[in-house]
Amino acid sequence: MENGKGAYIEGLNGAVAYGSTEFHVLRARANVNAKFIHYWTRVREFRRKAESMMIGTGGQRRVPAEFFAKISVPSLPPAEQRRVAETLDAISESEKAIRASVKKLRATERALTDLLLSRLPWDSTLDDTLSGPPRNGHSPSATPEWTGIQMLGLGCLTTDGFQPTQLKNAPLSVHSRHPAMLSNGDLLMSRANTRHLVGLVGIYRDVGTPCIYPDLMMRLRVSAASSPEFLAIVLRSSPARRQIMNLSQGTSESMVKISSASARNIRIPLPSPAEQKQVVMAASQITQRIQDEQKKLTKLESLKRGIADDLLTGNVRFQNLQ
């Protein structure tokens, strides 16, 4: 093992890169399968031990070189190492195929909705669909203790809509009747991010506990003139995204903001409820296929973790990594 500085690294596909000083370069012995080591570094036992030895603070924490002199890996014959690596490779290829399928379905969904929306007149504004002005959320300091109320992180709004992947514990000062408390079906828009990510929208879905949204998001209260589902599709479409990026302002491309007033002026189509429903139904058919594929991927990822743990952390003899 050596530090990345001054080290040329050859990948499994033959590509060569010059190692960063932030890398620890591990070179497998002649009787050790490199992919076997690769998978071992991803099992829970290895990650737990690595995290326990991290040094530094904040975003600069790192694993010291001494860790690799102490950590052990399963001692298996080369043929068994190869079979383990091949088994996990096969699962990885299945994961890759599902991700490719999801990517293709998302592209199809965007192309279809853009086509359907292009046939409608874009002669209304977002303000025509709102029952009141957009409202910014609240961003108190998170607490490590569970308080029964959670807060969304900005990362919960993605290019594909709402994903509850970044939740924090709200402090005790946030009560169940807080003005930023969310209701199932609320339409949210991010008001600050990079130019390509600002103005992302998503429909909040109940996460199982009371939840508030942060100051860097705004809630759009939709009137009877439209449905949140239709507006979400419109605001994720290519024409709307171009408007949002053009309306956003800031001195740095890494952080621009869209104001409430600017958001209300976004030009949109506003067809009849029946026509809106047709667009939503067309998109939902593909969305359901995407969700089905994602469920398969989640199950496969869980299976892979379980198999990796079983194969790599069983009652076997250990040898030193260095």
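Author: What follows sets several descriptions of this predicted model against the criteria behind them.

Reader: Why is helix 5 called roughly perpendicular to helix 8?

Author: The axes of helix 5 (residues 228–236) and helix 8 (residues 273–312) cross at roughly 70° and come within 9 Å. Angles of 65 to 115 degrees count as roughly perpendicular, and therefore helix 5 is described as roughly perpendicular to helix 8. The crossing of helix 5 past helix 8 is left-handed.

Reader: Which residues make the contact between helix 5 and helix 8?

Author: Helix 5 contributes Glu-229, Phe-230 and Ile-233, while helix 8 contributes Gln-276, Val-279, Val-280 and Ala-283. By class, the residues of this contact are five nonpolar, one polar and one charged.

Reader: What makes strand 13 and strand 18 a pair?

Author: Pairing needs at least two bridges, and strand 13 and strand 18 (residues 255–257) are joined in the antiparallel sense over two bridges. Ala-192 lies opposite Lys-257 of strand 18.

Reader: Why do strand 13 and strand 17 count as edges?

Author: The open sheet has three strands in the order 13-18-17, with antiparallel pairing. Strand 13 (192–193) and strand 17 (249–252) each have a single partner strand, so one side of each has no neighbour in the sheet.

Reader: How do you know that strand 12 pairs with strand 16?

Author: Where at least two bridges are required, strand 12 (residues 187–190) and strand 16 run antiparallel and are joined by four bridges. Within strand 16, Met-217 is the bridge partner of Ser-190.

Definitions and conventions: Residues are numbered from 1 along each chain as its sequence is written. This is a predicted model: local features need pLDDT of at least 70, side-chain atom pairs count only at pLDDT 80 or more; totals for chains, interfaces and linings use all residues. Side-chain values use heavy atoms; hydrogens and water are left out. Axes are lines fitted to C-alpha atoms, for helices over the stretch in contact, and angles run from 0 to 180 degrees between N-to-C directions. Angles under 35 degrees count as roughly parallel, over 145 as roughly antiparallel, 65 to 115 as roughly perpendicular and the rest as oblique. A crossing is left-handed if the near helix is turned anticlockwise from the far one by less than a right angle, and right-handed if clockwise. Contact means heavy atoms within 4.5 Å. Ala, Val, Leu, Ile, Met, Phe, Trp, Tyr, Cys and Pro count as nonpolar, Asp, Glu, Lys and Arg as charged, and the others, Gly among them, as polar.
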